[in-house]
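Please look through the sequence and the model before reading on. The paragraphs after them lead from the overall fold to single pairs of residues.

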Amino acid sequence: MSMVMHLAEAKPGQPTASYKHYYIERPCRILVVGQHLKTKTKYQCLLRHISVGGAMLDFNANILLPKHFFLEIDGFREEIGCSQVHRHNSELGVRFNMQLAPEFISRLIRMDFTSGLI
């Protein structure tokens, strides 16, 4: 699985940045938002890599997604706003709309370590 999410183009006027990424294998859901900001559809996927700026997901290649959606990681209540930046077969690279707090990444790593999923 490539790490294209870390090489995604920056928005105009912003410098390109790369972040330390972590291999995490954790179930998650993609939440597609419908009218009036209500969740329209939920899709299961698998989180493979994560950084404070983005993630790489394993996702069904046959399902079309909008450019923007939310990501919900098992064990966390947060819904993380995402933009699709790369898609090849089942590989889906996303950029987070806001950087994640390093403490969130630390909790995720600790949770995977204690659950024995790594």
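What follows is a walk through the chain, its strand pairings and its aromatic pairs.

This is a predicted model, in which local features need pLDDT of at least 70 and side-chain atom pairs count only at pLDDT 80 or more, while totals for chains, interfaces and linings use all residues. Residues are numbered from 1 along each chain as its sequence is written, and side-chain values use heavy atoms, with hydrogens and water left out.

Read from the N terminus, the order of the elements is β-β-β-β-β-β-α. Of the 118 residues, 40% count as buried, a term that stands for under 20% relative accessible area, with exposed meaning over 50% and partly exposed in between (1.4 Å probe, protein chains only). The chain exposes about 7,200 Å², and carbon and sulfur atoms supply 54% of this area, which is computed by the Shrake-Rupley method with a 1.4 Å probe, only the protein chains shown counting as cover for residues. Among contacts with a separation of 6 or more, 57% are between residues 24 or more positions apart, a contact being heavy atoms within 4.5 Å.

The strand pairings can be followed one at a time, and two strands pair if DSSP finds at least two bridges between them. Strand S1 (residues 22-33) runs antiparallel to strand S4 (residues 68-73), and four bridges join them; here isoleucine 30 has leucine 71 in S4 as its bridge partner. Leucine 71 also stands opposite isoleucine 80 in S5, for S4 and strand S5 (residues 80-88) pair in the antiparallel sense over four bridges. Phenylalanine 70 has its bridge partner in S5 too, namely glycine 81. The hairpin of S4 and S5 has six residues between the strands, and glycine 75 takes a positive phi near 95 degrees there.

How many aromatic pairs does the count come to? It comes to two aromatic pairs, where rings of Phe, Tyr and Trp (its six-membered ring) pair if their centres lie within 6.5 Å, and planes under 30 degrees apart count as stacked, over 60 as edge-to-face and the rest as tilted. Tyrosine 43 and phenylalanine 59 form an edge-to-face pair, at 5.8 Å centre to centre and with 75 degrees between the planes. Because tyrosine 43 lies in strand S2 (residues 39-50) and phenylalanine 59 in the loop between strand S3 (54-58) and S4, this pair ties together parts that are 16 residues apart in sequence. Tyrosine 43 is partly exposed at 21% relative accessibility, whereas phenylalanine 59 is buried, with a relative accessible area of 4%.

Phenylalanine 76 and phenylalanine 104 form a tilted pair, at 4.7 Å centre to centre and with 50 degrees between the planes. Since phenylalanine 76 lies in the loop between S4 and S5 and phenylalanine 104 in helix H1 (residues 102-115), the pair ties together parts that are 28 residues apart in sequence. Both phenylalanine 76 and phenylalanine 104 are buried.

Key: Helix = DSSP H or I, 4+ residues; strand = E, 2+ residues; numbered from the N terminus.
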